[in-house]
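Welcome! Take a moment to look over the sequence and the 3D picture, then read on for a short tour, topic by topic.

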Amino acid sequence: HVTTKPPPTPSPLRNAKFFQANMRILVTGGAGFIGSHLVDRLMENEKNEVIVVDNYFTGSKDNLKKWIGHPRFELIRHDVTETLLVEVDQIYHLACPASPIFYKYNPVKTIKTNVIGTLNMLGLAKRVGARILLTSTSEVYGDPLVHPQDESYWGNVNPIGVRSCYDEGKRVAETLMFDYHRQHGIEIRIARIFNTYGPRMNIDDGRVVSNFIAQAVRGEPLTVQAPGTQTRSFCYVSDMVDGLIRLMEGENTGPINIGNPGEFTMLELAETVKELINPDVEIISVENTPDDPRQRKPDITKAKELLGWEPKIKLRDGLPLMEDDFRTRLGVPRKN
Ligand code: NAD
Ligand code: UDP
Ligand code: UDP
């Protein structure tokens with residue numbers, strides 16, 4: 001009596017899109033503002049499979065709703081201060097609150113996120129041989145004594161101030177990145193991000209562009225923190241995402257400044273928002289917070305030379321794009 005074996009049934013998984021992906025990418029903090037725009041861009045490439053881990057402290061599932069259920073996408077509620085076991089080729093490590101009101105809310109947690117979170121992601125990168133990109137910040141320059149800031153500047157940072165959990169935290173994160181690179185040969189990339197704005201910023205985020213736009217849309221006074229002559233440089237989020245991907249795909253470890261060198265005082269920003277969004281609102285002066293850097297502007301020579309990158313969207317063109325999103329979320333249509 002001969003029994004014939006049935007032919008092997010192909011695994012239903014084998015044909016799934018899942019296995020056609022040839023780059024598996026982890027984005028920590030992917031439910032946040034920059035992270036969700038990065039995920040959108042990465043998902044456009046059919047060869048990418050994207051895993052997001054986020055604890056939803058400042059991010060939201062809503063930012064990723066168009067990808068939930070997509071076969072090349074996975075969303076995991078996870079805190080990066082805990083061990084993470086996944087198999088990936090690249091790690092974009094963004095997890096960390098970026099707005100001063102949120103990172104000051106629980107400063108010890110902010111330090112843990114920056115230090116233990118980055119250590120864990122480096123341990124993961126080491127175990128699986130992944131390349132890892134850290135989103136550091138212009139805050140590593142502190143209240144800078146050179147202007148504009150290039151990457152060779154070591155910064156002027158208060159180690160015991162209320163912003164230190166964030167700026168010193170990111171400085172340690174950068175140190176860890178370089179120590180894992182030197183000691184364990186991990187492939188690292190460090191972006192020093194300057195102020196970034198665009199759709200999906202938290203309405204109550206507390207940062208200046210989102211505050212002014214929300215205030216202008218609601219018809220409330222624009223709150224310029226004294227003296228108003230302090231400067232920042234604002235990069236539109238699509239330019240930022242483009243810079244981060246170029247850095248990850250390129251051959252340079254960095255650190256590389258990614259930001260828009262257009263420099264504005266907070267008063268100029270308020271006047272621009274008023275002119276473009278609501279000429280009827282008042283501009284008022286309010287008290288500032290401690291250790292507010294007086295000026296900030298990136299030197300992006302390195303990004304231009306090494307990544308062939310420079311921002312394309314001017315502030316006056318980016319603000320209206322953000323206005324549309326804020327009007328929709330605040331339920332305040334345009335007047336005309
Ligand atoms: P965001 O607050 O919108 O996003 C951060 C995300 O990280 C959120 O989704 C949050 O829930 C998540 N997160 C925070 N702590 C976490 C933890 N312990 N475990 C898991 N997830 C955690 O901020 P963003 O503006 O998108 O910033 C992203 C990154 O870019 C941050 O690392 C930030 O430091 C850096 N950066 C941003 C700016 C800027 O202007 N937006 C400037 C410099 C640097
Ligand atoms: N880690 C992780 N995922 C991994 C590998 C490591 O989260 O896949 C964490 C691990 O919990 C450890 C950290 O990364 O706390 C540093 O790992 P590494 O192997 O460099 O150091 P060690 O475990 O030897 O202290
Ligand atoms: N700022 C302001 N009005 C606000 C919020 C912020 O004038 O409603 C100022 C703040 O004093 C700082 C600048 O805007 O000089 C940028 O602050 P933000 O918190 O956006 O980012 P930072 O670059 O300080 O991290």
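Let's begin with a ligand: ligand 2 is surrounded by Thr83, Leu84, Leu85, Leu119, Asn120, Gly123, Leu124, Lys126 and Arg127. Keep in mind that this is a predicted model. From here we visit the other ligands, then the sheet, the helices and the core.

**The ligand surroundings**

- The shell around ligand 2 is made up of four nonpolar, three polar and two charged residues.
- Ligand 1 has 28 residues around it, and those that come nearest are Gly29, Gly32, Thr58, Gly59 and Ala98. Two or more residues of this shell are given by each of helix H1 (33-43), helix H3 (107-128) and strand S5 (131-137).
- Helix H1 gives the most to the shell around ligand 1, namely three residues. Sorted by class, that shell holds twelve nonpolar, 14 polar and two charged residues.
- Around ligand 3 there are 13 residues, of which Arg207, Val208, Asn211, Gln225 and Met266 come nearest. H5 and S8 each supply at least two residues of this shell, and the largest share, three residues, comes from S8.
- The shell around ligand 3 contains four nonpolar, six polar and three charged residues.

- Strands of a sheet pair through backbone hydrogen bonds, either parallel or antiparallel. Here, S5 and strand S6 (residues 188-193) run parallel and are joined by six bridges, with Leu134 standing opposite Ile190 in S6.

**A strand with two faces**

- In a regular strand the side chains alternate between the two faces of the sheet. Which residues of strand S8 (residues 222-225) lie on the covered face, and which on the uncovered one? Leu222 and Val224 form the covered face, while Thr223 and Gln225 form the uncovered one.
- S8 runs parallel to strand S13 (residues 283-286), and four bridges join the two. Within S13, Ser285 is the bridge partner of Val224.

**An enclosed helix**

- Why is H1 largely enclosed by the rest of the structure? Eight of its eleven residues are buried, so the rest of the structure largely encloses H1.
- Those buried residues are Phe33, Ile34, Gly35, Ser36, His37, Leu38, Val39 and Leu42. They pack against strand S1 (23-28), strand S2 (48-54), S4, strand S7 (196-197) and H6.

- In soluble globular proteins, nonpolar side chains tend to be buried together. The largest nonpolar core of this model has 75 residues, among which Ile91, Ile132 and Ile213 touch the most other members.
- Helix H5 (residues 208-218) gives the most to this core, with seven residues.
- Leaving out residues up to four places away in sequence, Ile213 touches Val273, Ile277, Met322, Glu323 and Phe326.

How values were computed. Residues numbered from 1 in each chain as written. Chains lettered and ligands numbered in written order. Predicted model: local features only at pLDDT ≥ 70, side-chain atom pairs only at ≥ 80, totals over all residues. Near = placed C-beta within 6 Å. Nonpolar A, V, L, I, M, F, W, Y, C, P; charged D, E, K, R; others polar. Buried ≥ 20, exposed ≤ 12 C-beta atoms within 10 Å, placed from the backbone. Pairing = 2+ DSSP bridges. Core = buried A, V, L, I, M, F, W, Y, C linked by C-beta atoms within 7 Å. Contact = placed C-beta atoms within 7 Å.
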